[in-house]
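This report walks through selected local features of one structure, moving from loops to a sheet and then to a pocket. Please keep the sequence and the model in view while reading.

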Amino acid sequence: MPHIIFEKNKELTTPSSIEGVDFTFHSKGKNQDKIGVKYKNKDFLLTLKNHEDKFIIKADKATRVTPNDYIKTALNSFIKITDSKEILSNTTINKTKVKPEEEYLKDINYFVNDFKTTKDIAVEIGFGSGRHLLHQAKSNPDTIFIGIEIHFPSIEQVLKQIKLQNITNVLILNYDARLFMEFLPSNSVSKIYVHFPVPWDKKPHRRVYSTEFVEESLRVLNSSGALELRSDSENYFQYSLGLLTSLMQGHIEIDINKNPAITSKYEDRWLRQEKKIYDLKLYCDFNSKQKILNKDFFFDKGIKFEKIKDKIGMKKPITTKDFFVHFEYIYEIDDTSGLIELTFGSFNRPLSKFIYFSKNGINYFQENPIPTSANIEAHKFINEYLKGLC
């Protein structure tokens, strides 16, 4: 993660700007500070803390933005505006990198709020080098392919190939695929590809495949669509097979060492090693009801920072059968404004956010939570809980 270790010369004054980077506020916590940044219409936080007898400033994990160069630019600007002495840094910006094509690189809010198409949709989860994704897109020009990947260097390479090969039917998303599926319309997808996912044998809760994922996949697949797993891991194959055979609907198909039209460089290596490659397909044979998302993340206007800042503190997580809420830290900007850092939502897919109290009111910093059912229920609890403290 980009960071800079430095000797501080002077304090940051907010609001202030330098070279297009706006430092909007400086909130102070018990062990670290959070600094609000706005750069190229994106809001995010930097974390400032003591590092032995020096300081370290880095990106806040919960509000990271892409591309990574935005964060590096903000960190370098902080050093300049505070006239600090840099000691150690990994914030060099590679000017020769291909800039992500905004036309094809989308954020999750695009799919939650704006994505509409009358065309067939296919989804590939964890596309890696992009060989399969780009091959399918070129072979099926009338289908919109959504590629989901958490490794940003892979995303940059695929965006470069999209441009070089003049491919126009691919959308790229840097996001957790387990959360993404809930925001696709029912019966809208023909294929979902999950090729060579990380097996996570020691942390199975991190696997893409789960009961919830399979159920969401069946909801979004049309009545002739298929969910396709391809893996070199027998453990992952057996685990996924167990999930699918417990279903009451759909039917499955199994192949071993099938010869596909396109292979990844890793699959080529495994085939040379004579490893078995498992294919497991789940076919959907029914239609599902449309899903209606509740996007209400408003807070009661009577909740005031000065009334609650001394009443929250660090507490144990509050849990129910459907969600949890954990208030973690308080950061104070002044007597009436500040941040509450908290984690909430699904136990398997926790969400870290900041509630921002400013002169304009109270809201989630950066953007509202993604409207999953667990997040919606957790927010209702958070709002009522904070009202009760006032």
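## Backbone features in the loops

In this predicted model, Glu19 is found in the loop between β2 and β3, the latter spanning residues 21-28. The phi angle of Glu19 is near 50°, which is a positive value in a residue other than glycine. Glu19 is also exposed, because its relative accessible area of 56% lies above the cut-off of 50%.

A positive phi of about 50° is likewise found at Lys40, although Lys40 is not a glycine. Lys40 belongs to the loop between β4 (33-39) and β5 (42-51). Another backbone feature concerns the peptide bond from Thr14 to Pro15, which is cis, with omega near -5°; Pro15 itself lies in the loop that runs between β1 (3-7) and β2 (16-18).

## The sheet of eight strands

An open sheet is formed by 8 strands, whose order is β8-β11-β10-β9-β12-β13-β15-β14 and whose pairing is mixed. The edges of this sheet are β8 (105-106) and β14 (251-256), each of which pairs on one side only. Strands of a sheet pair through backbone hydrogen bonds, and they may do so in either a parallel or an antiparallel manner.

Arg230 stands opposite Asp279, a residue of β15.

## Helices packed on the sheet

Helix α4 (residues 152-164) packs on the sheet, where it touches β8 and β11 (170-173), and the direction of α4 makes about 165° with that of β11. Helix α6 packs on the sheet as well, touching β9 (120-125), β12 (189-195), β13 and β15, while the direction of α6 makes about 140° with that of β13.

## The second largest pocket

Which residues lie nearest the centre of the second largest pocket? They are Glu212, Ser346, Asn348, Arg349 and Ser373, out of 23 residues that line this pocket. The volume of the second largest pocket is about 550 Å³.

Three helices, α5 (177-180), α6 (211-220) and α10 (373-389), each supply at least two residues of the lining.

Technical notes. Residues numbered from 1 in each chain as written. Predicted model: local features only at pLDDT ≥ 70, side-chain atom pairs only at ≥ 80, totals over all residues. Heavy atoms only, no water. Helix = DSSP H or I, 4+ residues; strand = E, 2+ residues; numbered from the N terminus. Buried < 20%, exposed > 50% of the residue type's maximum accessible area, 1.4 Å probe, protein only. 1 Å grid on protein atoms, 1.4 Å probe; cavity = no way out; pocket = protein on both sides within 12 Å on 5 of 7 lines; lining within 4 Å. Points joined across faces, edges and corners; volume = space filled by probe spheres on them. Pairing = 2+ DSSP bridges. Contact = heavy atoms within 4.5 Å. Axes fitted to C-alpha atoms, helices over the stretch in contact; angles between N-to-C directions.
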